[in-house]
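Subject: Structure handover

Hello,

Here is the structure I said I would pass on. My notes on it follow below.

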Amino acid sequence: MELARVPLRRIAWRLAEGIDSTLLVLLLTLSMLGLAVLFSASYDAPGRVATQLVSLALALVAMWVVAQVPPQTMMRFAVPAYVVGLALLIAVALAGDVVNGARRWLHVGVTRFQPSEMMKLALPLMLAWYFHKNESTLRVRDYFVGGVLLLLPVGLILRQPDLGTAGLVGTAGVFVMFFAGMSWRVIGSVAAAGAAALPLLWPFLHDYQRRRVLTLLDPSSDPLGAGYHIIQSTIAVGSGGLAGKGWLNGTQAHLEFIPERHTDFIFAVFSEEFGLIGNIALLVLYTLLIARGLVIAASAATLFGRLLAGSIALQMFVYAFVNMGMVSGILPVVGVPLPFLSYGGTALLTLFIGAGILMSIQRHRKLVQT
């Protein structure tokens, strides 16, 4: 029996190689919490929990595989991943499937997928590789080239239209450029110019995008239409009170007042059932997760690792901030899921692959040649 234990220990040790225990515990805690809330939000479709469990298992396997890949190898795939991602976005623009008025999906064989999800990782990977390659001779023109590399996929995603994903991809690229040395003055100037140009862009917005902005300012202007999502979600968040109504006891969710309660608005279900105390606990988990990512970025052995890890960590922050802000009525409604809690296999896979990249950078922080 003792002989049988040795191989099992070796297998367990081999599987644990490259896995950051702190990061894994935080990820699994958030994922288990997400499954519990999803069970409550999907009482009318219990099969979603089983589907999410399968997606979680696949995402964990993908995370483990990526965690074994050295950062040097990731650098070799930066340019091909970016080029393939752009090609797929162009293919979507030419021959993608139209769903709910948006052309975002591409058929491949018997399935379909959303190429814009790929760009959430491919763009920061490409920019991190570019700035690492030019580390010793960084000039203003390099940041201009980085801006062009950023605008190409963001423009294609906006054309679909998909404002939420375009924002996530764009901020991921901006984070890389910021960590690469772009000053706050430049970023602030660009942001100010963008804000000043918003009135000029208003005529070019789609009708549903205009409604979302106007509804944010005054949800009661269309309580049964565009304002319905915000009104019902804010009611759910507020009705949770201090300690919440208890798991499975959320009336707004179970009486079907909350739309998309298993995906984009799952935070409303969570808030109603767990209240302010639960929200604070959730914020602490996200803060610890982001902080761990930034610690990994700070200890990375190369500029490539620092840029990529920092971008991935702050991208998770943007995910959570935008979703919670949207559900709470302080940001326009956009299609951004709550990380590790919302239902959906594609976003979950992207997040866990990002976590795998963080683990790889942490594992090889002393092994990568500088």
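In these notes, two residues are in contact when they have heavy atoms within 4.5 Å. Please keep in mind that this is a predicted model.

I begin with a loop residue. Ala-243 lies in the loop between helix 10 (228-239) and helix 11. Not counting residues up to four places away in sequence, Ala-243 touches Glu-273, Phe-274, Gly-275 and Ile-277. One of these, Ile-277, is 34 residues from Ala-243 in sequence, yet the two C-alpha atoms are 5.7 Å apart in space. Is Ala-243 buried or exposed? With a relative accessibility of 52%, Ala-243 counts as exposed, because the cut-off for that class is over 50%.

Next, helix 2. This helix covers residues 21-41, which makes 21 residues. From first C-alpha to last it reaches 30 Å, close to the 30 Å expected at 1.5 Å a residue. Its buried residues include Leu-23, Leu-26, Leu-27, Leu-30, Gly-34 and Leu-38. Among the elements that cover the buried residues of helix 2 are helix 3 (47-67), helix 11 (251-254), helix 12 (266-298) and helix 14 (345-363).

Helix 14 also deserves a paragraph. Its 19 residues should span 27 Å at 1.5 Å a residue, and the 26 Å between its end C-alpha atoms agrees with that. Of those 19 residues, 14 are buried, so helix 14 is largely enclosed by the rest of the structure. Gln-362 has its place in this helix and is buried, with a relative accessible area of 11%. Leaving aside neighbours within four places in sequence, Gln-362 is in contact with Asp-20, Arg-292, Ile-296 and Ser-299.

Now the packing of helix 5 (residues 115-133), with two partners to describe.

- Helix 14: the axes of helix 5 and helix 14 come within 10 Å and cross at roughly 15°. The two helices are therefore roughly parallel to each other, and their crossing is right-handed. Glu-117, Lys-120 and Leu-121 in helix 5 meet residues of helix 14 that include Thr-346, Thr-350, Ile-353 and Ile-357.
- Helix 13 (residues 303-328): here the axes come within 8 Å and cross at roughly 150°. That makes helix 5 roughly antiparallel to helix 13. This crossing is right-handed. On the helix 5 side the contact includes Glu-117, Lys-120, Pro-124 and Trp-129, and on the helix 13 side it includes Phe-304, Leu-308, Gln-315 and Tyr-319. By class, there are 10 nonpolar, three polar and two charged residues.

Last, some backbone details. Most residues other than glycine have a negative phi, and most peptide bonds are trans. Where is there a cis peptide bond? One joins Gln-160 and Pro-161, with omega at about -5°. Pro-161 lies in the loop between helix 6 (140-158) and helix 7 (163-179).

Two residues with positive phi should be noted as well. Glu-256, in the loop between helix 11 and helix 12, has a phi near 65°, a positive value in a residue other than glycine. At 47% relative accessibility, Glu-256 counts as partly exposed. Phe-340 has a phi near 75°, again positive in a residue other than glycine. Phe-340 is placed in the loop between helix 13 and helix 14 and is buried, with a relative accessible area of 3%.

Regards

Technical notes:
Residues numbered from 1 in each chain as written. Predicted model: local features only at pLDDT ≥ 70, side-chain atom pairs only at ≥ 80, totals over all residues. Heavy atoms only, no water. Helix = DSSP H or I, 4+ residues; strand = E, 2+ residues; numbered from the N terminus. Expected span 1.5 Å × (residues − 1). Buried < 20%, exposed > 50% of the residue type's maximum accessible area, 1.4 Å probe, protein only. Axes fitted to C-alpha atoms, helices over the stretch in contact; angles between N-to-C directions. Parallel < 35°, antiparallel > 145°, perpendicular 65-115°, else oblique. Left-handed = near helix turned anticlockwise from the far one by under 90°. Nonpolar A, V, L, I, M, F, W, Y, C, P; charged D, E, K, R; others polar.
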